[in-house]
Amino acid sequence: MPDWCNIDTGEAVYRSRDAIKNLKISVRVERVTSTATLSQHLQQQVLSQEDRGAIELETLTSQSPAGDNEEEIVIGWQEKLFSQYEMDLFQNEAACQSPLDRQYHAEVTALRKAKGRRNHRIFTYTDHDRYTSCHPFHQLQNTDLLNTIKSSPSFLAERMANVRQRRQERRTMDSNTKIINWEPTEEFVRSSHVVSSVMQTMHIMGDLGPPGGLGLKENECLLLTIKTDGNGTVIVKPDFNQGKEPYRIVTAGEKKQVWRLVVENVSPAMKPEEKEREQNMYKDLYVRHKEYLNSRVGQDFEMPPAGILRYVMNGEIVSAKGFEYDNLYVHFLMELPSNWSSLPFQTLSGVTQTCRTRTLGQDNVAFFSFPFNFEAFYMSEKENDGAILQWPVLYFKVLSLDSWHRYRTEGYGYLLFPAAPGKHTVTCQTWRPLQSGTVSALRRFFIGGSPELEDISYVRVPGTFKGERLSRFGFSTETTGSVTFNLHCIQQAKAFVDATMMKNRRQKVFDQLGGFSQQGAVSSILEAFQRARRKMQEARESLPRDLIHTTTQLQSESSA
């Protein structure tokens, strides 16, 4: 491979806020004749072996005129330049079959009256040409002579070559139609895959035939392809040289010719006054859009009635880790205590997607990133002003699914809704019921059965429990993994606004600014105290009896 050529013929993707009609590209092709290469090789031999005498090299130089060996032209976006073949084709009106052909006939006639055209070897196929629509891009790539090394198309390139554009009409789906085809054929893939963005394409071609033999289809070569969508994305293949070595083109046939190709972006730069005018236009557009949104939203917030707290939570089940099996999913539901209510269409339960785990450190983590939202209302009662505010609870259980569609219960847990507004990241530990014995472990492994809770609220003290003590004596459990939540909580009440306007006036506990948060904090403290008390009792029961008896005697003696 010679050192003067650029072998990187891949496509480049650009993003531009400017209109695509302002794109200007300079294309230059130059012939590197075989005789010129031979003369240089012989000249090097003569310089290295001077004792053999001088050799006349003038007869080996090319006798073709300079105009046939090189051509440079600046082309705009979707600018039509006719080839010699098209000039001969469209000059005959009888060959025109469509309105576009008749338009080209008029343009070719005008060019002939104007004594020729400004291009000879370089021409274009625009997006509306029948040649572009009849020959897909992947077929044109197969005839691309820029690829000097043998390369096979990638798997993605083969699949994208069969992608068709999305149709505008919508098709109704039959109830018997399968949504997922587990064994698709090549014909099914070719007819079903769609692409959402419609691309406009322009091909810059070159007629690399011998001098005096222009106008033959077999001598046409694809030099450059430009594609763009309506979002400012421009795809160029091959990329602009930008000071790099030119591309190398080798023609097919017995008499192979070598050509150089140089592609540059020569679009005119925007003037300072035009740039300032465009920035002012965008600012005015943004201001108008902001005013439109304000007119749609309004200036006043929707305020709940007096004595009612509106609680909005946008949550996300982020991940689960530390569980025994793979292919995890989470089933969750919300429980509303007394004096809480939700909208009739509010969904109080949900199920995540099944997610496979990946090893992260020493744990197997399943990333769900499953969003959910919840909205509830709390209405206070005058006779229960001194009672502690109970917050909603989210109960959840983690399950695993195997290839035989057998599920296992991996763990139960609950999440108490945060009492303070804002962003919260909470990690909840889980446990599952444990049945002792080897038979239960084998059953869990082979057929997927595992003990389950009939009432998921048994994870915590159920809201319907009215007794003094809830006994779990004899109930065996096993600590499993943990689930992480991201919560964004919003609290809205008219009392918050009134408390801000009247700072010096003391109100009731549930009407103060942050009063709900204070009650929630008290509830959290009481629950933490109960947990610590249970742990102390369990630790005391695990101590030996003689040590407890000795400690009791020492306390009695010290008090005496």
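Biologist: Which residues are linked in a network of salt bridges?

Modeller: Arg-28, Glu-30, Glu-70, Glu-72 and Arg-260 are. Bear in mind that this is a predicted model, where local features need pLDDT of at least 70, side-chain atom pairs count only at pLDDT 80 or more, and totals for chains, interfaces and linings use all residues. Residues are numbered from 1 along each chain as its sequence is written, and side-chain values use heavy atoms, with hydrogens and water left out.

Biologist: How many salt bridges does a search of the whole structure find?

Modeller: A salt bridge is a side-chain nitrogen of Lys or Arg within 4 Å of a carboxyl oxygen of Asp or Glu. The search turns up 15. One of them joins Arg-28 to Glu-30, with the closest N and O atoms 3.0 Å apart. Glu-30 also meets Arg-260, at 3.8 Å from N to O. Arg-260 sits in strand E11 (residues 258-265) and Glu-30 in strand E2 (residues 24-32), so this pair ties together parts 230 residues apart in sequence. Strands here are DSSP runs (E, at least two residues), helices are runs of H or I with at least four, and both are numbered from the N terminus.

Biologist: Which residues touch the most other members of the largest nonpolar core?

Modeller: In soluble globular proteins, nonpolar side chains tend to be buried together. A nonpolar core is a set of buried Ala, Val, Leu, Ile, Met, Phe, Trp, Tyr and Cys residues joined through side-chain atoms within 4.5 Å. Here the largest has 34 residues, and Ile-317, Phe-368, Phe-372, Leu-394, Phe-396 and Phe-485 touch the most other members. Strands supplying at least two residues each include E12 (308-321) and E21 (477-492). The largest share, seven residues, comes from E17.

Biologist: And what forms the positive surface patch?

Modeller: For a charged patch, residues with over 30% relative accessible area and no salt bridge are joined when like charges lie within 9 Å. In this structure, Arg-472, Arg-531, Arg-534 and Lys-535 form the positive one. Lys-535 belongs to helix H12 (residues 515-542) and is exposed, with a relative accessible area of 60%.

Conventions:
Patch = residues over 30% accessible without salt bridge, like charges linked within 9 Å, V, L, I, M, F, W, Y side chains within 5 Å. Areas by Shrake-Rupley, 256 points an atom, 1.4 Å probe, with all protein chains shown as cover. Lys, Arg positive; Asp, Glu negative; His and termini not counted. Charge placed at Lys NZ, Arg CZ, Asp CG, Glu CD. Buried < 20%, exposed > 50% of the residue type's maximum accessible area, 1.4 Å probe, protein only.
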